[in-house]
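Please keep the structure open in your viewer and follow the stops below one after another. At each stop you will be told what to select and then what is there.

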Amino acid sequence: MSTNSITTQKVNFKVFRFNADEDYLPYYENYTMDITSEEVVLDVLNRIKWDHDGSFSYRRSCRHGICGACAIKVNGRSTLACKESMTTMIEYFGNEITLEPLSTKRAVKDMIIDKADFWDKHASVTPYLVADIDECPSCENLVSPHDAEELNEADLCIQCGACHYACPAVEINSDFFGPAAFVAAYRFESDVRDSDAERLINVNEERQGVWDCVKCYECAEVCPKDINPIDKITKLHQMAFKRGVAKNNVATRHAVGFLHSIKKHGMLDEGGLVLYSEGVHIVKHIPVALAMFKKGKIVLPWNMPKSDKLDEIQKLIKSSSTVKF
Amino acid sequence: MKKLKYALFTGCTAKQSTPEQMMSTMAVARKLNIEMIELTEASCCGASHLQDYDDFLSLVLNARNIAYAEKHGLTMVTICNTCQLNTAMTKHRLDNNAELKAKVNEKLAEIGLEYKGTSNVIHFLYAIIDDFGLDKIKEMVVKPLSQFNIAPFYGCHNIRPSELHDESHKQKENPYNPTSLDDLIIACGGKNVDYEEKNKCCGFHVELQAPHTAAVLTGTAIAGATDQNADMMVTPCPLCHLKLDTQTKSASEAIGREVSLPVLHMQQMVGLALGCTPAELGLKHHVTEVNFI
Ligand code: SF4
Ligand code: SF4
Ligand code: FES
């Protein structure tokens, strides 16, 4: 690239600072720097350390988007520092940039966080191949290209934690495994050589499992390796039904309830779905239902609208259904 | 200007729990002289839950919906973020996978339909902004909302995954710093409120299975808007609307703070600015009273 095309602009950085050994509370330090269009976020971290304050701490190792060490938050967005260009960040957010660790409440020193919760959750989904393998095989254990494709690139995860600490469900529910752990679970569940019988049951448990994902797509948006964790979560849902390990609970009935409604009305019967999903626990929704009813927001069963050409929909459901629950 | 005409995919809530969504969509369409051909044959999009159960069936049903828009030769307009996501995702997958498209078409052939991939699928918010034009809206405003601080609430499925957004909208929305709703608020004469939760999740999709997570997300969003002095929130998604409008009690309990704000559908806000009456916009259908008019 010719050097003529390199441009420079002034950027104000507000940088999270905290040393667990010395500080009672975190604080923010301001630095203003001329940023060239060639720099990535990691260059900025380096320059803060080299030019401004040698005590500034952060993690990095490979500088090639492989080790996963350097993930931080830029204006609240989880980012792999060595991969993300400053130009893109300035395009997104303008010239006022805040640099923070992936999780401020887990900060140990500046950008360095304690990732214990991430690794604990990763470990608890059996993130390895369970297979009875002959230690002295006479030939290679081949996996066909088609079977290898089933991994859907889940094996490319670098454990950076960007998705995990962007996930609102992780933040609110400390039991929730989180997107990266589900990617790991999917990677082995989709491997034809794996024979673990517990993993899929484990990741389907209530509170910690795949059914607590709020479907916000934050993980898909931030993943620097384009792994699309929520796509893997959806596939784990589907596997649970296909392999018959889906438990009969409010979450699974909520998914299946859509089929019943669509079969009957073409549309979703909202009240019917809540009743089907919750069973007797529907009583807890009565106060909200009454408030909605008063405002004309509840359609009574005999007034349920139906799609035109319902027979077509029913015919397709009959011929195209691939799962039974 | 050539009259705009769309195939309207109403989704299910506009026919049930958010009647005001349907009313205000049609009121705004009339004001803007947009013709809507309602896809009365359409089925539910699966709302991202049928997809968890039976992916292929959901593809077939969504392809059928789009095929009806194609039959009219029109762009499909959705009025729900989740309908938009599921329909656009189906389109994306079928348009990029000939084998899958053929399998789906094999099923559609049983009812005499074919998915071709000729109709675009866009949310009404972007139809207004991209096709009709913000400047023209601005010119048509008769009751500017100038005395109000309005907090935009974008809703996940309109802005993420952004790759789908890039395909269906002319103005690329930045998922970390979205601007469409803010621009629309300003065009309607209101003051847009900036707050951290504007592009976050409302929790709707796990209200039954993870009620605490859902309630915290709802409460934090309303609190975020309140702390920036918002008089109301506005959203293009009826599911976000339902969550923010009807679940304030559980949300308040979950975050330990009383929160409640009127939550307008994007169409209702535009309708007010264009001079539609509160009755036309169904403002009496809100659980959290719209008390400023
Ligand atoms: S889509 Fe699910 S797993 Fe991904 S960030 Fe959102 S809640 Fe977390
Ligand atoms: S899925 Fe992506 S974002 Fe999440 S840990 Fe792996 S590489 Fe990082
Ligand atoms: S330094 Fe290794 S991924 Fe960034």
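Begin by colouring the two chains separately and selecting the place where they touch: 68 residues from chain B and 62 residues from chain A take part in the contact, where contact means heavy atoms within 4.5 Å. Before going further, note that this is a predicted model, in which local features need pLDDT of at least 70 and side-chain atom pairs count only at pLDDT 80 or more, while totals for chains, interfaces and linings use all residues. Residues are numbered from 1 along each chain as its sequence is written, chains are lettered from A and ligands numbered from 1 in the order in which they are written, and side-chain values use heavy atoms, with hydrogens and water left out.

**The interface**

Between chain B and chain A about 5,600 Å² is buried, and carbon and sulfur atoms give 61% of that area; buried area is the accessible area (1.4 Å probe) that two parts lose on being put together, summed over both. Now select B:Y53, B:Y176 and B:L208, the residues of chain B that lose the most area to chain A, together 17% of what that side buries.

Which residue of chain B forms a salt bridge with A:K295? Select B:E289, whose closest O atom is 2.8 Å from the closest N atom of A:K295. The rule, which asks for a side-chain nitrogen of Lys or Arg within 4 Å of a carboxyl oxygen of Asp or Glu, finds five salt bridges across the interface of chain B and chain A. There are also 32 residue pairs in polar contact between the two chains, both residues being at pLDDT 80 or more. A polar contact is a pair of N or O atoms within 3.5 Å; within protein, one must be able to donate a hydrogen and the other to accept it, and residues adjacent in sequence count only if both atoms are side-chain atoms.

On the side of chain B that touches chain A, the elements that give two or more residues include α1 (19-31), α3 (55-72) and α10 (211-227) of chain B, and the largest share, seven residues, comes from α3(B). Helices (H or I, at least four residues) and strands (E, at least two) are DSSP runs, numbered from the N terminus.

**A:S320, at the end of a helix**

Next select A:S320, which is found in helix α13 (residues 310-320) of chain A. Is A:S320 buried or exposed? A:S320 counts as buried because its relative accessibility is 1%, buried meaning under 20% relative accessible area, exposed over 50%, and partly exposed in between (1.4 Å probe, protein chains only). Not counting residues up to four places away in sequence, A:S320 touches B:D54, B:F56, B:L57, B:V60 and B:K107, and its side chain is joined to that of A:S319 by a polar contact of 3.4 Å.

**B:T25, inside chain B**

Move to B:T25, which lies in helix α1 of chain B and is buried, with a relative accessible area of 0%. The side chain of B:T25 reaches the backbone oxygen of B:Q21 at 2.6 Å, and, apart from neighbours within four places in sequence, B:T25 is in contact with B:M36, B:I79, B:F124 and B:Q267.

**Chain A and its helix α6**

Of its 325 residues, 51% are buried. Select helix α6 (residues 179-189) of chain A, where 11 of the 11 residues are buried; these buried residues pack against α3 (116-123), α5 (168-172), α7 (199-202), α8 (218-222) and α9 (229-242) of chain A.

For a contrast, select A:K242 in helix α9 of chain A, which counts as exposed at 58% relative accessibility. The C-alpha atoms of A:K242 and A:V323 are separated by 6.1 Å, although the two residues are 81 residues apart along the chain.

**The two ligands**

Select ligand 1 and the residues near it (a heavy atom within 4 Å), among them A:C167, A:C213, A:C216 and A:C219. The shell around ligand 1 divides into 10 nonpolar, no polar and two charged residues, and α8 and α9 of chain A each supply at least two of its residues.

Finally, select ligand 2, around which you will find residues including A:C157, A:C160, A:C163 and A:C223. Its shell divides into nine nonpolar, two polar and one charged, where Ala, Val, Leu, Ile, Met, Phe, Trp, Tyr, Cys and Pro count as nonpolar, Asp, Glu, Lys and Arg as charged, and the others, Gly among them, as polar.
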